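Please read these notes beside the model.

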Amino acid sequence: MLREQAELLKAMEAIERTQAQLLQSEKMAAVGQLAAGVAHEINNPVGFVSSNLGSLKNYVARLFAVVDLAVPAVAALAADHPARLAVEQAWRTAEVDFLREDIPALLAESAEGLERVRRIVADLKDFSHVQEAEWQDADLNRGLESTLNVVWNELKYKVTIVRDLGELPLVRCIPAQLNQVFMNLLINAGQAIESAGTISLRSGFEAEHAWVEIEDSGGGMPPEVVKRIFEPFFTTKPVGKGTGLGLPISWEIVQRHAGTISVNSEPGRGTCFRIRLPLAGPQPEQEVSA
């Protein structure tokens with residue numbers, strides 16, 4: 001009887017874990033669809049603002065060219081000529097010398113801002129492919145960077161990012177699923193930092209494996225917590241702040257990729273997660289889309 005109860009309890013836990021993973025998968029698919037829609041809507045205004053900015057830059061250059069041609073003609077007039085006095089007064093009032101320096105700088109800053117928006121939209125579009133479950137050769141560094149841009153609003157007010165990313169060969173994987181792992185680890189790292197700290201991103205490859213590390217300077221975890229972090233529904237966060245699903249789902253995804261995920265943490269010294277994946281991915285018969 002006790003054995004049957006234990007088996008029943010184990011089966012119920014497996015069902016709950018599967019249900020939680022399905023719910024999380026549906027949630028991520030919904031987030032992906034929303035991100036794709038937002039990216040599409042942003043792309044349109046960014047396109048015509050960029051075009052208008054290019055035209056404006058050209059128009060300003062032509063106006064200043066006309067001003068430059070007019071300067072010698074005005075200077076040729078007598079110092080007390082009414083037309084010269086009027087132009088000089090208008091020149092000072094409009095602060096033309098200042099505008100000549102400031103307008104190109106403003107246009108350059110605006111173009112730089114638009115380029116940043118373009119990069120964010122591109123990262124949103126990459127991240128929005130969570131519903132795609134196709135195995136392909138992908139750049140883990142690019143996936144990490146695009147995911148960081150997506151969650152940056154959660155981190156930017158208290159986190160400094162330190163990068164030490166090596167050049168990686170392509171890895172056989174489902175990029176959207178690994179982006180989900182990166183997202184979970186980045187958000188956890190940010191939440192581990194109370195007021196201000198750093199998140200270090202490192203990557204490299206060795207012995208036909210690529211690895212990625214995400215390390216925070218937060219409070220760290222005691223050994224008894226470290227032992228349980230990959231258990232479904234286990235969380236140290238307050239009620240309503242966490243479901244205890246992020247790390248178990250991350251572990252499942254990494255396992256599906258025939259990889260490993262390990263953690264090194266000490267109270268007061270932060271936490272480091274290391275993901276190690278085979279470059280060739282799992283065996284073909286293991287490549288499932290679930």
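1. Of the chain's 290 residues, 32% are buried (under 20% relative accessible area, 1.4 Å probe, protein chains only). This is a predicted model: local features need pLDDT of at least 70, side-chain atom pairs count only at pLDDT 80 or more, and totals for chains, interfaces and linings use all residues. Numbering starts from 1 along each chain as its sequence is written, and side-chain values use heavy atoms, without hydrogens and water.

2. The chain has 7 helices and 7 strands. These are DSSP runs numbered from the N terminus: helices are H or I with at least four residues, strands E with at least two. Their sequence pattern is α-α-α-β-α-β-β-α-β-β-α-α-β-β.

3. An open sheet of 5 strands runs in the order 2-4-5-7-6, with mixed pairing. Pairing requires at least two DSSP bridges between two strands.

4. Strand 5 (residues 209-216) and strand 7 (residues 271-278) are antiparallel, joined by 8 bridges. I214 has F273 in strand 7 as its bridge partner.

5. The largest nonpolar core holds 37 residues; L140, L185, L186, I199, L201, I214 and I275 have the most contacts inside it. Such a core is a set of buried Ala, Val, Leu, Ile, Met, Phe, Trp, Tyr and Cys residues joined through side-chain atoms within 4.5 Å. Helix 5 (residues 175-192) gives the largest share, 7 residues.

6. Which residues does I214 contact, leaving aside neighbours within four places in sequence? Among them are L144, F182, L185, I199 and F273. Contact means heavy atoms within 4.5 Å.

Technical notes
Buried < 20%, exposed > 50% of the residue type's maximum accessible area, 1.4 Å probe, protein only.
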